[in-house]
Amino acid sequence: MTPFRILALDGGGIRGVITAAILERLELAQPGFMKTIDLFAGTSTGGILALGLSSGMSPTDARLLYERSGSKIFAFNIIDEIRDLGQLIGADYSNSPLKVELVNKFGDMTLGDLPKKVVISSFELDNKSADPSKPRNWKPKFFHNFPGPDSDAGQKVIDVALRTSAAPTYFPIYQGYVDGGVVANNPSLCALAQAMHPDTGKQKLRDIRLLSIGTGLNPKYIPEIDANWGLVQWAPHLISLILEGSVGLADYQCKQLLSKYYYRVNPILPVPIGLDKVNQIPLMKDIAAKEDLSAAIKWSRRNFQTPRS
């Protein structure tokens, strides 16, 4: 039986440049690689990439979009900075420039219009439940375009893209949703679960092949081994902990479940690179160009071969 192939893409803001550049190299080494993928999964910047790639965008086009638009999306606005008292109140950036770029690319396209299957993570801040047996609360949300009663095929691509990438403190809440990295910055296990769900993907574990690509492992650490910290000390680290802390968990779980049918690429960054550091795009491209992909290429040639008919 033809395997079911999944490409899962991490969140990481402008570091999506690394992901796109790595995919460029995989496509170059294995022409037609992107066409073999059955399910694109993504979180935040990886969600935007997954939506673009599933619509037919090439990895090169995706990388160039980051390079051309990054400075607009992460633009410093002195008026906004004054109104927000620096970083004390209000998001660092407006989501309007990102929305403009998404509208230019996707228009009124819905998830159902995409030629490939997708699963995109986000986090809903209020489920608006009116059922006493189902409390009103916040919860993860995984948008997908598989057929079935819970399909999100009618959702606009631009709305899903803005919901998955509304990183707390970086961008405003969008339509009641924030960045999917709050729960699944590495969406690999979410994609696996969706693929195996009996009402959606309907795949057997033995038939799944999963390639996971990160946006780079940041060399961050906290050396204080017995610190007695409160909110003030923890505050500068909390967003990074939330958005990056669970990445290794999904990697571990997928390794245990899929063994040789799972592979992950996630370059070690030589210096910390923030989600909004547009000025470090040249460094990101250099990191992607120098990453040893020989094992990844060998694995993909063995597991991502001919597309399904």
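Predicted model: local features only at pLDDT ≥ 70, side-chain atom pairs only at ≥ 80, totals over all residues.

How many aromatic pairs does a search of the whole structure find?

1. The search finds nine aromatic pairs. One of the pairs is formed by Phe-74 and Tyr-93, whose ring centres are 5.3 Å apart with 85 degrees between the planes, an edge-to-face arrangement. Phe-74 belongs to the loop between helix 3 (59-73) and helix 4 (78-83), and Tyr-93 to the loop between helix 4 and helix 5; the two residues are 19 apart, and the pair thus links distant parts of the chain. Phe-74 has a relative accessible area of 14% and is therefore buried. Tyr-93, at 12%, is buried as well.

2. A second pair is that of Trp-229 and Trp-234. The ring centres are 5.0 Å apart and the planes stand at 75 degrees, so this pair is edge-to-face; the reasoning rests on the cut-off of over 60 degrees for that class. Trp-229 is partly exposed, with a relative accessible area of 24%. Trp-234 is also partly exposed, with a value of 33%.

3. Aromatic rings also occur in a cluster, in which ring pairs link Phe-33, Tyr-263, Trp-299 and Phe-304. The charged end of Lys-141 sits over the ring of Phe-143, 5.1 Å from the ring centre. Arg-209 lies over the face of Tyr-261, with a distance of 3.6 Å to the ring centre.

4. What are the strand partners of strand 1? Strand 6 (residues 208-213) runs parallel to strand 1 and is joined to it by six bridges, with Leu-9 standing opposite Ile-213. Strand 2 (residues 39-43) is likewise parallel to strand 1, through four bridges, and here Ile-6 stands opposite Leu-39. Together with helix 1 (residues 16-29), strands 1 and 2 make a right-handed β-α-β unit.

5. The largest nonpolar core has 60 residues, and Leu-7, Leu-23, Leu-26 and Leu-51 are those with the most contacts inside it. Helix 1 gives the most to this core, contributing seven residues. Beyond its neighbours within four places in sequence, Leu-26 is in contact with Phe-33, Leu-211, Ile-213, Leu-293, Ala-296 and Ile-297. Apart from this core lies another, of 15 residues, which includes Phe-4, Leu-192, Ala-195 and Leu-210. In soluble globular proteins, nonpolar side chains tend to be buried together.

6. Is helix 6 largely enclosed by the rest of the structure, or exposed? Eight of the eight residues of helix 6 (residues 157-164) are buried, so the helix is largely enclosed.

Key: Residues numbered from 1 in each chain as written. Heavy atoms only, no water. Pairing = 2+ DSSP bridges. Right-handed = clockwise from strand over helix to strand, strands pointing away. Buried < 20%, exposed > 50% of the residue type's maximum accessible area, 1.4 Å probe, protein only. Phe/Tyr/Trp six-rings, centres within 6.5 Å; stacked < 30°, edge-to-face > 60°. Lys NZ or Arg CZ within 6 Å of the ring centre and 35° of its normal. Core = buried A, V, L, I, M, F, W, Y, C linked by side-chain atoms within 4.5 Å. Contact = heavy atoms within 4.5 Å.
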